[in-house]
Amino acid sequence: MIHFRSFTKFVAIVFAAAVVSVAWRPDSAIAVEDESLGSPPKFSVVCSTTQIADFARQVVGDRWEVVCVLAPGEDPHTYEIGNDDLVAVSKADLCLENGWHLEGNEWMQGLATSANKPVVTSVNGVKALTFEEENESGQPETVKDPHAWFDHNNAAVYVKNIRDAVTKVDPDNAEEYAARANLYLLQLRGLGRWIERQVNAIPQNRRILVTHHDAFGYFCRTYGFKAVTPVGWTTGELTDVSLEDRQAVIKQIQELGVKSIFVETTINTELLEGIARDAGITIGGSLYSDAMGGAGTAGDTYIGMMRENVLTIVKHLK
Ligand SMILES: [Zn+2]
């Protein structure tokens with residue numbers, strides 16, 4: 001049997017101990033169960049393009065630092081690496097490229113291998129559109145069109161590749177990466193359904209997309225457009241536009257009754273403006289092609305750039 005006084009003393013001691021233990025708890029232990037909150041990111045990923053950086057951000061949240069080599073509006077085909085890129089890659093745990101030669105002269109592969117960092121090709125697993133070209137020795141060559149993100153189904157392939165790559169580096173947070181990726185994949189499916197409904201406003205015979213270079217092949221294949229461009233799949237080497245190619249585009253515009261053509265945010269607009277003038281039609285606006293828009297613009301995310309492009313295309317072609 002507990003003596004009354006000693007029981008009171010016992011209760012008093014337990015109570016005091018509880019008060020002391022609460023009072024002595026360090027601030028960081030109170031209510032902050034996730035050690036990542038408020039602390040600097042543990043890992044760093046360097047991405048070649050703005051689209052890939054957005055996909056990565058959707059998957060890693062604040063747990064990683066996401067660095068993008070290309071600034072909004074920069075052209076991946078012609079980009080030349082700088083010192084900042086070397087510094088960023090030297091601190092990276094992972095590098096992500098688009099692949100299929102989008103990065104001219106494989107600059108992202110070069111950056112990663114020179115710093116001995118793992119590099120993952122985000123486009124791997126996509127069903128490629130191909131072009132037949134002549135290589136430097138004059139031999140026919142089949143090249144894969146690298147602009148695969150313009151089909152929302154392909155964007156999902158990128159996201160899954162990125163989810164797997166970051167999980168490999170940080171398996172402890174696999175569930176979190178999977179959860180974020182799953183939510184984003186749902187958003188991409190919603191985007192696809194929205195695009196299909198929007199483009200239905202354009203009659204079939206007016207679904208002709210004239211742009212500077214072959215960036216919209218996947219967009220056209222998936223959403224039912226015909227692509228017409230004076231320049232091939234890259235804006236880099238071998239892209240001087242011959243008079244014949246220019247005239248061929250003007251002829252197609254006139255024969256197909258195209259009312260509007262589109263410039264691209266990453267490319268000088270002079271060629272397309274000249275073509276529009278000579279064909280007697282208008283520029284229907286500017287499309288995000290190889291890079292997203294700047295921070296704070298409507299096109300500063302992948303879903304945002306797709307939405308803005310579709311609204312611009314529908315407005316001018318319907
Ligand atoms: Zn391109």
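Among contacts in the protein chain between residues at least 6 apart in sequence, what percentage join residues at least 24 apart? The share is 59%, where two residues are in contact if their C-beta atoms, placed from the backbone, lie within 7 Å.

This is a predicted model, in which local features need pLDDT of at least 70 and side-chain atom pairs count only at pLDDT 80 or more, while totals for chains, interfaces and linings use all residues. Residues are numbered from 1 along each chain as its sequence is written.

**Figure 1. The whole protein chain and the confidence of its prediction.** The mean pLDDT (the predictor's confidence in each residue, from 0 to 100) of the protein chain is 88, and 87% of its residues reach 70 or more. Over residues 1-32 the pLDDT is below 50, and this stretch has 3 contacts in the model beyond near neighbours in sequence. Where pLDDT is low, the predicted coordinates should not be read in detail. The protein chain has 10 helices and 10 strands; helices (H or I, at least four residues) and strands (E, at least two) are DSSP runs, numbered from the N terminus. Of the 318 residues in the protein chain, 38% are buried, a word used for a residue with 20 or more other C-beta atoms within 10 Å of its own, whereas 12 or fewer make a residue exposed and the range in between makes it partly exposed, with C-beta atoms placed from the backbone.

**Figure 2. The open sheet of strands β2, β1, β3 and β4.** In this view 4 strands form an open sheet in the order β2-β1-β3-β4, with parallel pairing, where two strands pair if DSSP finds at least two bridges between them. Strands β2 (64-68) and β4 (119-121) stand at the edges, each with a single partner strand, so one side of each is left without a neighbour in the sheet. On average, neighbouring strands of this sheet are turned by 25° against each other, direction ignored. Strand β1 (residues 43-47) and strand β3 (residues 94-97) run parallel and are joined by 3 bridges, and Val46 stands opposite Cys95 in β3. Helix α5 (residues 152-169) packs on the sheet, where it touches β1, β2, β3 and β4, and its direction makes about 170° with that of β3; axes are lines fitted to C-alpha atoms, for helices over the stretch in contact, and angles run from 0 to 180 degrees between N-to-C directions.

Figure 3. Helix α2 (residues 50-60) lies across β1, β2 and β3, and runs at about 170° to β2. In α2, 11 of the 11 residues are buried, so the helix is largely enclosed by the rest of the structure. These buried residues, among them Ile52, Phe55 and Arg57, pack against β1, β2, β3, α5, α6 (174-199) and α10 (302-317). Helix α2 is followed by Gly61, whose phi is positive, near 60°.

**Figure 4. The largest nonpolar core.** A nonpolar core is a set of buried Ala, Val, Leu, Ile, Met, Phe, Trp, Tyr and Cys residues joined through C-beta atoms within 7 Å. Of the 74 residues in the largest one, Val45, Cys47, Ala56 and Cys95 touch the most other members. Domain 1 (43-191) and domain 2 (195-317) both give residues to this core, so it lies between them; the domain bounds come from an automatic or database domain assignment. Leaving aside residues up to four places away in sequence, Cys47 touches residues including Ile52, Ala56, Val66 and Leu96.

**Figure 5. Ala291 in its loop.** Ala291 has its place in the loop between β10 (282-287) and α10, and counts as buried because it has 23 C-beta neighbours inside 10 Å. Although Ala291 and Gln51 are 240 residues apart along the chain, their C-alpha atoms are separated by 6.7 Å. Not counting residues up to four places away in sequence, Ala291 touches several residues, including Thr49, Thr50, Pro72 and Thr265.

**Figure 6. Strand β9 and its partner β10.** Strand β9 (residues 260-264) is mostly covered, with 5 of its 5 residues buried. Ser260, Phe262 and Glu264 point one way from β9, while Ile261 and Val263 point the other way. Strands β9 and β10 pair in the parallel sense over 4 bridges, and Val263 stands opposite Ser286 in β10.
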